[in-house]
Amino acid sequence: MMRQVILKHALLESEPSSAAEDLCDRGKSCKYERSPTCKTFFSCPQTGRSEECRGVIGAVSQRHTVHIKREVLESDLPSAVTLLKNLQEQVMAITAQVQSLTQKVQAGAYPTEKGLSFLEVKDQLLLMYLMDLTHLILDKASGGSLQGHDGVLRLVEIRTVLEKLRPLDQKLKYQIDKLVKTAVTGSLSENDPLRFKPHPSNMMSKLSSEDEEEDEVEDGQSEASGKKSVKGVSKKYVPPRLVPVHYDETEAEREKKRLERAKRRALSSSVIRELKEQYSDAPEEIRDARHPHVTHQSQEDQHRINYEESMMVRLSVSKREKGRRKRADVMSSQLHSLTHFSDISALTGGTSHLDEDQNPIKKRKKIPKKGRKKKGFRRRR
Amino acid sequence: MNDTVTAQTRKFMTNRLLQRKQMLIDILHPRKATAPKTEIREKLAKMCKTTPDVISVFGFRIHFGGGKTTGFGMLYDSLDYAKKNELKHRLARHGLYEKEKTSRKVKEVRGIAKANVGAGKKPKE
């Protein structure tokens, strides 16, 4: 059989070659021809080993590879035939299915005026994505280039849609999880917060419900006898008797809340912060962050600047404003903050007492100001 | 060492209703006083590749410590639109508008001339 193969190749060959010189190193036992420095490996079917073909890539080595290919082809032929038959059967089955589907769609068995459900869309998109991806892999594996491939554009489109669907998915996640859990376990869990949802029917008092029932019964009777009761048309409005909740905040609770707030403010004061930095192991951070003590004046200034820049006008500063600004500047430029620390009495437990130099905490009173000219600028407080 | 005066624009907006472009101008001029408005107009004209006569700048305020000034600038599509839409006192600054100086004082008249003075007031020449 080998000789037959070689002879066939010799027939294919255009140029004749002397067989004796070109025999491979194995000698007469191996009938493969030797080609100098070709450097392709072939598995010699005679010896069964993989050998380097020592020949230039030319007509002779092509013969080598053609040899091998023939061998491989011969062995693969039966399996290929079966696969092709298989493929044909499958193609026929698929065409039949697609035809039936198109018929159904044309007959209107799948109404989509109200749109597809979210989960269905997701399913279909993922399937299409997978199909396109496999198609691309197939193309690439068979040596084609993906440049300007239509599949890439389709993939990108499906991907964007999936990304857009993701936040919706997050929103629905809780509901879907609950439904699935209910379906699996068969009952709601004990800690289901839906058990505590409001039941407005419980809020109607028993008396009013009895009245309604009587009225309805009367209406039925009177209508049967031909009379119409007035109450049936326009009932007197009875406000719902909601369950009253006791207002429980006593003076003590208010005190507690105030103390809480003072404690929080004291914790973020400079004294405590410096202590924390001293005793913590974390590295010292120097941040160029917003000044932690934003005063009311600085916020007002910022508001003014924003207004001026957006309206492209310059606002005049009244005398009162000037005075306020000066006072704020003086306060911040003095060495006031060196010796006057913030009040941390909330943490130490003592009562708050103020230094002579510090201003007492004033409560703002709502005094309506007369003659406000700059209507657009003033913030409504 | 020569410190140059640089101009930057912020909050650039095209106002189609008034046929102009309005912006915020930041001038950086370390160790110098604020540049006069004419210079700023020329700088802006060079930046926006127009003539300085369609540009009007105003409202320059220097920041605390010096070195930086912020103001507003308007850049009209053409001189006609500028004359139509710009505020009169700003046009007067460029010399494109003259306001009539009417006096609010009434000249005192005695005798027969009093009858000749009607409802209006005599303008002072």
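Reply: Start with chain A: it has 381 residues, and 13% of them count as buried. Buried means under 20% relative accessible area, exposed means over 50%, and partly exposed lies in between (1.4 Å probe, protein chains only). This is a predicted model, in which local features need pLDDT of at least 70, side-chain atom pairs count only at pLDDT 80 or more, and totals for chains, interfaces and linings use all residues. Residues are numbered from 1 along each chain as its sequence is written, chains are lettered from A and ligands numbered from 1 in the order in which they are written, and side-chain values use heavy atoms, with hydrogens and water left out.

Chain A holds twelve helices and two strands. Helices (H or I, at least four residues) and strands (E, at least two) are DSSP runs, numbered from the N terminus. The order in chain A is α-β-β-α-α-α-α-α-α-α-α-α-α-α. Chain A exposes about 33000 Å², with 58% supplied by carbon and sulfur atoms. Such areas come from the Shrake-Rupley method with a 1.4 Å probe; for residues, only the protein chains shown count as cover.

Chain B has 125 residues, of which 30% are buried. Four helices and four strands make up its secondary structure. Their order is β-β-α-β-β-α-α-α. Chain B exposes about 9100 Å², and 54% of that comes from carbon and sulfur atoms.

Now the interface. Six residues of chain A are in contact with 13 residues of chain B. Contact means heavy atoms within 4.5 Å. Together the two chains bury about 790 Å², 56% of it on carbon and sulfur atoms. Buried area is the accessible area (1.4 Å probe) that two parts lose on being put together, summed over both. Which residues carry the chain A side? A:Glu309, A:Met312 and A:Arg314 supply 88% of the area that chain A buries against chain B, more than any other three residues.

Two salt bridges are counted between chain A and chain B. A salt bridge needs a side-chain nitrogen of Lys or Arg within 4 Å of a carboxyl oxygen of Asp or Glu. A:Glu309 pairs in this way with B:Lys11, and their closest N and O atoms are 3.3 Å apart.

For context, look inside chain B. B:His29 sits in the loop between β2 (20-28) and α1 (37-48). B:His29 counts as buried because its relative accessibility is 1%. Its side chain makes a 2.5 Å polar contact with the side chain of B:Thr69. Leaving out residues up to four places away in sequence, B:His29 touches several others, including B:Val5, B:Ile62 and B:Gly67.

Last, helix α2 of chain A. This helix spans residues 59-107 and includes A:Val91. A:Val91 is partly exposed because its relative accessibility is 47%. A:Thr95 also lies in helix α2. The side chain of A:Thr95 reaches the backbone oxygen of A:Val91 at 2.8 Å, and that of A:Met92 at 2.7 Å.

Key
Polar contact = N/O pair within 3.5 Å; in protein donor to acceptor, adjacent residues only side chain to side chain.
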